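Please keep the coordinates open while reading.

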Amino acid sequence: MSRRLYAPIRPATSGHPSPPSASSSAQPATLPRHGACAECRSRKTKCDGARPVCSPCLKRGRSQCIIPEKIGSAHSAVEIVNLLQSLPRTDGDSLVNLLRAGGDPSAVLAAFQQGIREGKALDSAGELHHSLLEAELISQYPKAYSFLPEIDTHALARSTLLRPVSAPAPAPAPIGGKSPPVFFLAERADPVSAASPGKLHAYSSHQLKLCDERLRTLPVGFWTDLDISGDLAARVLSLYITTDHPLLGLFNAQLLLEDLLYQRTQFCSKFLFHAVMYLGLQMYCAFDKTVVPLISAFGDEAQRLWSLEPDSCLTMAGGVLLSISLMGQGKDHAVLAYAMKAMEMGQRMDLFVTDISSIPTRYHNVPPEDERSAMCFAAWGTFNWNVMISVFYRQPGSTTPKLPPSLPIPGEKFGDAHVAESAEEVTHQHLLGTIFPLLCHFWRLVHKVNWIYYTVEDSPPIFLREILVEHAFRELIAWVEKLPILLVRREPGAHYTTVFHIWLHTAILDMFKPFINDPVLRSRPFQTFTSGDSTPDMLCRASLNQLKRLVIKYRTHHIESTFSILWHTGLIYLANGVLSLGDPDWHLYLLLCIYAYERLNRPYRMAEVVTQGLLAVAMRDTDMTSDEANRLMSELKEHGLEHVKENLKGQVRATFMVDLDLALTDPEAANAETLASNFEDLAIFQDLINPDGVSNDDPMVITDA
């Protein structure tokens, strides 16, 4: 007879449970405890397992946790069964199909659960809105790849985002006898027209707050001979310092303000003052067109003073500001010159090294803290801008910096490296010490990809590029997951956070652009992802989906989208992405970009040339009619600077790349200037091949079917 493995179960002596003994009451039953969330695991911090959000994540500002449990564990198996039992049959079948399709089951489940919490995980066919690779990225890297509910294209088509500034949004018409569905922005529901940039132009210039109340007594006459009031100069300076300066760095704003107010020239110079005002006035004219004549005046004076300035951190910073300002004004022939001269100046000052073996010895005797701070801001700000030019603009003759600055990133060794962990900690003085150092790390990581792709000394052989780019991408998104709350996407969030994420996904699209244009490489699986569809093509589509939401969010929630030029590269990459990847809604997103440039056309002359170039690409590669393209250009000119052209000098020049596919083989033909010059010829050609073409005045034709 076989040995009994378990003790026999005795029958109960009565219909009631026996009272607990003293020993059992002393040891209460252990409650089930959830596993640590992905965020706490990545930070290696203790997670209390609370749901839907644990205590550590709640303190970091997150509304929910991502739980990448192992599917093989008993707890997760029960969770899957419970989920399948609670879902409608169609949704349950979709989850089963996704799990059967391959890839990382924990990634599929985590993304599916988060989508269920958001209420928009499934479309009308009961399918998840993400590819398997996208689900894996959302699960493992939620800061870089946020969960994306479906965009309601009907609501987007009727929003003021796809209308000229003066055109009211149409009343929402019933669709198929029902009210139009609500448009979803990133993490929460919100009608697009609720806070559209079409209404943001009512924002008065007098509502702009000063970044420092002491600027009310700004002695503007000490810094310039041009006719400008101290009140206007203070508002222009404040607009720049609170909008673009946290993203650009270039100088220590606190030191500059002190010197401005007390008429000192150690950390401010007349040249730097005119350079800041040149860019600031372009931004400010979005609110007040009467300042347009001052733009050229300050630009001319800044360029005159440049030729008189000695090598210094202040001159480097001003040179970069001139480069940015001239690009916005459509004087692209000088953009690259000033950026490269600023780099060369830094090399002469030993702020950069050309050979890693020759580290400069000039700063072994450490200068005073304020002087060190000014040097670091100038060096890293100049480096960041030159990397941005070499990656995003790819002007003929642009070269990537060989090495990062030899000085530390601002704040890393000067005692101000504290990073705010909550929004309540953020102040104006804290911004530059927190945001800019993080962006320096970002551009340094992007610079590594430059080394892989662009022709510089010691570049890797071509056959290694696939492995190296995948590794660089992994390194980049792993770094993003360690970011503090200041750069984590929230609703509505700060403008600089959205700009950073636009830069992030633009950089990712640029990293894999050469793969997408190769029919073999675009479908070759990655080596370090588990999803069955982990290819460059799917990765670019995942980042393009993020970029769509980011551009919508930035235009909907942030007035900075109408007067800051730093984010416009995201528009070029979004327009190119929807065209080259064959997005079925390419027309909607192209118009989203076109009307964004329409808002930027008053402050920045180059917006007209870029728009004309994008429309030329659309007429060449799609069924866009010449009637529609000409109508869009007329709307853009009507609300731009046509009415004040007598105050503007010279022809608009824009030699940066607009057709990113063509740029890989023929950069000269792919730049904004060349494409814009071909606009009329393409329009005539469209008329010849499509004489009965009808202008698509509505961005989307909605039927009652």
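Is cysteine 313 buried or exposed? Cysteine 313 counts as buried because its relative accessibility is 13%, where buried means under 20% relative accessible area, exposed over 50%, and partly exposed in between (1.4 Å probe, protein chains only). The model is predicted, so local features need pLDDT of at least 70 and side-chain atom pairs count only at pLDDT 80 or more, while totals for chains, interfaces and linings use all residues. Residues are numbered from 1 along each chain as its sequence is written, and side-chain values use heavy atoms, with hydrogens and water left out.

Cysteine 376 is buried as well, with a relative accessible area of 1%. The closest cysteine sulfur to that of cysteine 313 belongs to cysteine 376, and the separation of 8.7 Å is too far for a bond. A disulfide is a covalent bond between the sulfur atoms of two cysteines. With a disulfide taken as a pair of cysteine sulfur atoms within 2.5 Å, the count comes to zero.

Next comes a helix pair. Helix α16 (residues 313-328) packs against helix α18 (residues 369-393) at an angle of about 30 degrees, and their axes are 8 Å apart. The angle makes α16 roughly parallel to α18, a label for angles under 35 degrees. Axes here are lines fitted to C-alpha atoms over the stretch in contact, and angles run from 0 to 180 degrees between N-to-C directions. Helices are DSSP runs of H or I with at least four residues, strands are runs of E with at least two, and both are numbered from the N terminus.

On the α16 side, Cys313, Met316, Val320, Ser323, Ile324 and Met327 make the contact; on the α18 side, the residues include Ala374, Thr382, Trp385 and Tyr393. Contact means heavy atoms within 4.5 Å. The residues of this contact divide into twelve nonpolar, two polar and no charged.

Now to the loop. Valine 488 lies between α20 (465-480) and α21 (495-511), and is buried, with a relative accessible area of 14%. Apart from neighbours within four places in sequence, valine 488 is in contact with Lys143, Leu483, Thr497 and His501. Its C-alpha atom is separated by 8.7 Å from that of threonine 498, ten residues apart along the chain.

For the protein chain as a whole, there are 31 helices and two strands. Buried residues make up 57% of its 705 residues.

Methods:
Angles under 35 degrees count as roughly parallel, over 145 as roughly antiparallel, 65 to 115 as roughly perpendicular and the rest as oblique. Ala, Val, Leu, Ile, Met, Phe, Trp, Tyr, Cys and Pro count as nonpolar, Asp, Glu, Lys and Arg as charged, and the others, Gly among them, as polar.
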